[in-house]
Amino acid sequence: MSDFPRWKYWLVGIVMVLGIVYAAPNAFRPQPAVQIVANREAKVDQALQKQVAGDLDKASIPFQDISIEKDRMLVRFANTEVQLRGSDALRVALGDDYTVALNLATTVPQWLQAIGAHAMPLGLDLQGGVHFLMAVDQDAVLQKQQQRYLDDIRSTLRQKQVPYDVVSLSGDGVQAVFKTSADRDKALDAVSGDNTDLNITTSRTPGGGYALHAAIKPDVLDKLAQSTITQNVTTLRNRVNALGVSEPLIQQQGQTRIVVELPGVQDTAEAKRVLGAVASLEYHANDESVNPQEAARTGNVPPDDRLYFTKDGQPVVLKKRVIVSGDELVDASSGYDQQTGLPNVNVTLNSTGARKMLDFTTQNVGKRMGVVYIERTPVVKIVDGKEVHSSKTTETVLNNAVIQGVFGKKFQTTGLTQQEAQTLSLMLRSGSLAAPMDIVQQSVIGPSLGQDNIKKGERAVILGLALVLVAAAIYYRLFGLVADIALVFNLLILVAIMSAVGVTLTMPGIAGIVLTLGMSIDANVLICERIREELRNGSTPLASIRAGYEKAWHVILDANVTHLLAALGLITVGSGAIKGFGVTLFIGISTSLFTSVTMTHAITALIHGRRKKLKTLWV
Amino acid sequence: MEIFHHDLNIDFLGMRKVSIVISAILLIVSVWAITVKGLNYGLDFTGGILIEVNYEQPVDVGDVRGALEKAGFEHAVVQSMGGTRDISIRLQPPKATDNKESPDQVAGEVSKRVLAALQAGNPGVKLAQPPDFVGPEVGQELKTSGIYAAIVVIIGIMFYLWMRFEKRFAFAAVVSEIHDTVITVGIIALVQREFDMTVLASVLAVIGYSINDKVVVFDRVRELFRLTRKAETPQILNRAINNTLSRTIITSVFTAITMASLWLFGGTAVHGFAITMLIGILVGTLSSIFFASPLLLWFGVSKTDLMPVTKENPELARRP
């Protein structure tokens, strides 16, 4: 047909092919597997492969395949039940040198993966797992900061020798009371000179004293709350990694909450213990009289010292005495040194910590000082059928730097890459500041329920699709069949885009897909009704097709734009289930505009376009 | 194949007094159901503890409820989860106490007490999985964000229609859209179906669906107004409804088919969604035919509102 340009045929053809290719990975079911990743100096190699195979054989657990992919090893199993047994057995056999995690190994062929075609990740409701919603205790954050300013103000007043009656916590800040207004003014100068984060006001107390009220500025508090959440997310991520869960979801939700989703995990109690682990931080002096390599080799360490390892496995010998510990650390942030422009980490200690640090550094300029990160994770083991509670402590040296000068309250660590500086500052903060969190929502979805949901979802999609296909073909005959082709491709392209974008498929998402199927046929109904009308009015078949598409286009556009607006509302305002549904609906309506108008037009033109003497239309 | 003959000319506008009265009654009943009876909010919204238990033998929901009441759990919502052996029990969160227990611990304790109460009557019962719980605060937030979502969507659509059509069309569309949404939610409240997250998503989808329907009818109204030289507004509206009637019904049937298959085969997780959507499709279709256009007439829409602006250009009018 002359009014249908050639490039549009090509466009339609290319989109059809792309739709098929990028939707294809979803047809390959992922296989239950166990992922093994090395900790510290352990290696994932052929030897480990043999060991794993041997261990599994010994426990008589059947596995299908062991493969090494980059720095991880994947052991594939026939079903989830064997997978769970296998991961338990391997966790015991491999010990602390390796992290063993449940995983779903993809079975998508290499060439599809190479062009970036992946299957949609499945939501918890389809895969099974635990979901937590945790709330950060904002009051605790505020109180900690108040306490910090209280200490600060008190020591400032002492330093400047301003006599005061009392310094106490009040509201969202600190209140200091003085006998005379002269004292208060002196204090005002001293305190406001030191702190730009405070709103300082003055008043008279009922008792006749002169009060100075220092409130933490709201934007400072907001920033603090945000950084607390970020820290906690990082801390949780580290802990979940230790738990050995592949592809966990840990993200901020709203202002004060964090969502944690652990696919595959069934034991909520274990997960909660790990998430609630306690971490702390200590500064230790180096013992320079000992050669760390030598000590690591022989195991001989002086009684006052201890041998530690850094993250990359380097030995460090530190004195046992703690200079400053994490609860004396107030803040740590990464940035750039003002003089050299090199990345650094700025650390702020509270007044007691500052005093100890000052004492230590005056005597030890030029020597090294190490930061030790200690994490205690409660562990439960079953011994003789009884639960035995113990805790596992991991201690790592985060950083070991030379002391360049005398410092106290504030100091900086340099000699790091920007990446290292950021990580160190986060670890320093998460080791010390991590605000307490409460689990405010918890749910568990069993793996069999997930399987069941997938099956039901699939059945609903297929049946819904089949019924609409038949109904359309009966009602609109040939044009119905054309619409059917478009509808099938709409489903394929919708799935392809969802896969390419990486939308997580959930049950509400499936409901969205089914709904889209029903509604995207609407455009074809509008077109077919128009064509029928034109025929009735006496137009020739070809003219009817042209007029039908032309006239229907405006109403299709208006109807779909309003519909897209509704979907957009669901995405922007909703969260969780509503959002997943909205995203599906949005993509589905957009793709349906293409498939049910452009694609059907191309097919119709292909069928009827060349037949100049077309007498009747099968519509 | 044709279900409706194309020359069909039913006088829908002639029935407008009846249809508006029916709509008004439905609206009043719905508002009454929502405000007085209230929605049977799911765990997502109320906050609380969800305990799922599994019996060895088939069990009567009434017996479970009785056992719980005897143990002092008076407002528990007991539902069968398909089959007669799996039961879900929903409890309101216990009154906030001054002790420092986390909601997590509370849920653990409550589930133990519930299980003990059930085992007293029937020892063959066990927890199907650890209890789920939702803090009431989270639920409140969801409720607010759901209402915001609805308002944002409605305002956005009204703005778009105002731009593309005319303000009377925008108002009529939005009023009938609110009408559809309120009646859909009203029916859910009336039959006390559980109102959870997926139902909310569905209600929001009904808003999108219902507007789709109205836009198609209004588009035809606009077209007819522009094409016809002389016609009374009620006649135009009637013709528009009749012309689009076939499409209105067919699209509804197609969408209803998919939702029915979701309802039949999609499992309990999407039951609420599918049913709400089915109700919404029914209400939306009927209101597109009987309610939206009378509203348009009532708002006083006329031919002059829709003529392209250039024709009203005084420059042109003055030319001979």
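In which sense does strand β2 (residues 48-55) of chain B pair with strand β6 (residues 132-134) of chain B, and over how many bridges? The two strands pair in the antiparallel sense, over 3 bridges. Two strands count as paired if DSSP finds at least two bridges between them, and strands themselves are DSSP runs (E, at least two residues), numbered from the N terminus, as are helices (H or I, at least four residues).

Before going on, please note that this is a predicted model, in which local features need pLDDT of at least 70, side-chain atom pairs count only at pLDDT 80 or more, and totals for chains, interfaces and linings use all residues. Residues are numbered from 1 along each chain as its sequence is written, while chains are lettered from A and ligands numbered from 1 in the order in which they are written.

**Strand β2 of chain B**

| Partner of β2(B) | Sense and bridges | Bridge partners |
|---|---|---|
| β6(B), residues 132-134 | antiparallel, 3 bridges | Leu50(B) and Asp132(B) |
| β4(B), residues 86-91 | antiparallel, 6 bridges | Leu50(B) and Arg90(B) |
| β5(B), residues 125-127 | antiparallel, 3 bridges | Val53(B) and Leu127(B) |

**Domains of chain B**

Chain B is assigned a domain 1 (13-41 + 137-311) and a domain 2 (48-134), with bounds from an automatic or database domain assignment. The centres of these two domains, taken over C-alpha atoms, are 40 Å apart.

**Chain A as a whole**

Chain A holds 16 helices and 20 strands. Its radius of gyration, taken over C-alpha atoms, is 33 Å, whereas a compact globule of 619 residues would have one near 25 Å (the globule rule is 2.2 Å times the number of residues to the power 0.38). Along the principal axes, its C-alpha atoms fill a box of roughly 105 × 75 × 50 Å. Of its 619 residues, 42% count as buried; a residue is buried if 20 or more other C-beta atoms, placed from the backbone, lie within 10 Å of its own, exposed if 12 or fewer, and partly exposed in between.

**Nonpolar cores**

A nonpolar core is a set of buried Ala, Val, Leu, Ile, Met, Phe, Trp, Tyr and Cys residues joined through C-beta atoms within 7 Å. The largest one has 136 residues, and Ala201(B) and Leu204(B) have the most contacts inside it. Helix α13 (residues 447-501) of chain A gives the most to this core, 20 residues. Apart from it lies another core of 63 residues, including Met73(A) and Ala67(B).
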